[in-house]
Amino acid sequence: DAKTTQPPSMDCAEGRAANLPCNHSTISGNEYVYWYRQIHSQGPQYIIHGLKNNETNEMASLIITEDRKSSTLILPHATLRDTAVYYCIVRDYSGNTPLVFGKGTRLSVIA
Amino acid sequence: NAGVTQTPKFQVLKTGQSMTLQCAQDMNHEYMSWYRQDPGMGLRLIHYSVGAGITDQGEVPNGYNVSRSTTEDFPLRLLSAAPSQTSVYFCASSSRQTNEKLFFGSGTQLSVL
């Protein structure tokens, strides 16, 4: 079973920041938070990951709470092309455990 | 560098037929996995492998076999296709060393009649 809880859907106006929440209250010390997205019927695409510090890359920012029980993915200026299903996943860093996807959040960016 | 390549892209089978979905990666990744995605659903893990000669079951392994004789290839075999196996199948790989991201193939759409 997925170890994360996400809202099933969200809307965001084009050009505004999209803030996608994720609850992972049972996360353990060696588990990272990963975010992926899936646009229409394509294969999922990696966005960002983090352990406990906030992370930023060219696609998004990841804010992890101090107790690590929840996180927020931020798309700073959402575009129509960001419409997708966003998956929040926790996984240990050993590389020996699989990535288990939940149902994700369907983000609709509206013009 | 082609990444993760899946073949075929589309396949129609009759109930009871067998077939193999191919997955190959050219990034020397140790970790490979197979997922299926039913309409409107998230991805469910079928089988995975952490290296050549090592495979393990995921959430929904019944009706599928895998083997990992080389680092590059991770074929998924349907032994006796059933309509319940109609789905889109995704293969993915990652480097255990960096373990930063999973690379996905473009998927195989399978219909079992």
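Where in chain A does Pro76(A) lie? Pro76(A) sits in the loop between β7 and β8 (84-92) of chain A. The views below all come from a predicted model.

**View 1. Pro76(A) in its loop of chain A.** Pro76(A) is partly exposed, with a relative accessible area of 43%. Gly15(A) is 61 residues away in sequence, yet the two C-alpha atoms are 8.1 Å apart in space. Beyond its neighbours within four places in sequence, Pro76(A) is in contact with Gly15(A), Arg16(A), Ala17(A) and Met59(A).

**View 2. An open sheet of four strands in chain A.** The strand order is β2-β7-β6-β5, and the pairing is antiparallel. β2 (18-23) and β5 (55-56) stand at the edges. Each has a single partner strand, so one side of each is left without a neighbour in the sheet. Strand β6 (residues 61-64) of chain A is joined to strand β7 (residues 70-75) of chain A by four bridges. Ser61(A) stands opposite Ile74(A) of β7(A).

**View 3. The interface of chain B and chain A.** Here 20 residues of chain B are in contact with 22 residues of chain A. The buried area is about 1,700 Å², and carbon and sulfur atoms give 53% of it. Zero salt bridges are found across this interface. Three residue pairs are in polar contact, both residues at pLDDT 80 or more. On the chain B side, β4 (31-37), β5 (43-51) and β9 (87-94) each supply at least two residues. β5(B) gives the most, with four residues. By type, the chain B side divides into ten nonpolar, six polar and four charged residues.

**View 4. Pro98(A) and its contacts in both chains.** Pro98(A) is found in the loop between β8 and β9 (105-110) of chain A. Its relative accessibility is 17%; the cut-off for buried is under 20%, so Pro98(A) counts as buried. Not counting residues up to four places away in sequence, Pro98(A) touches Arg91(A) in chain A, and Tyr31(B), Leu45(B) and Tyr48(B) in chain B.

**View 5. Ser33(B) in strand β4 of chain B.** Ser33(B) is buried, with a relative accessible area of 0%. Leaving aside neighbours within four places in sequence, its contacts are Leu45(B), His47(B), Tyr48(B), Phe74(B), Phe90(B), Cys91(B), Ala92(B) and Leu102(B).

**View 6. Two salt bridges of chain A, Lys3(A) with Glu31(A) and Arg37(A) with Asp82(A).** The structure holds four salt bridges over all chains. In the pair of Lys3(A) and Glu31(A), the closest N and O atoms are 2.6 Å apart. Lys3(A) lies in the segment before β1 (9-13), and Glu31(A) in strand β3 (residues 31-38), 28 residues apart. Lys3(A) is partly exposed at 44% relative accessible area, whereas Glu31(A) is buried at 5%. Arg37(A) and Asp82(A) bring their closest N and O atoms to 2.8 Å. Arg37(A) is in strand β3 and Asp82(A) in the loop between β7 and β8, so this pair ties together parts that are 45 residues apart in sequence. Both Arg37(A) and Asp82(A) are buried.

**View 7. A salt-bridge network in chain B.** Asp38(B) forms a salt bridge with Arg44(B), with the closest N and O atoms 2.6 Å apart. Salt bridges that share partners join Arg36(B), Asp38(B) and Arg44(B) into one network. Asp38(B) counts as buried at 15% relative accessibility. Arg44(B), at 28%, counts as partly exposed.

How values were computed:
Residues numbered from 1 in each chain as written. Chains lettered and ligands numbered in written order. Predicted model: local features only at pLDDT ≥ 70, side-chain atom pairs only at ≥ 80, totals over all residues. Heavy atoms only, no water. Contact = heavy atoms within 4.5 Å. Buried area = accessible area lost by both parts, 1.4 Å probe. Salt bridge = Lys/Arg side-chain N within 4 Å of Asp/Glu carboxyl O. Polar contact = N/O pair within 3.5 Å; in protein donor to acceptor, adjacent residues only side chain to side chain. Nonpolar A, V, L, I, M, F, W, Y, C, P; charged D, E, K, R; others polar. Pairing = 2+ DSSP bridges. Buried < 20%, exposed > 50% of the residue type's maximum accessible area, 1.4 Å probe, protein only.
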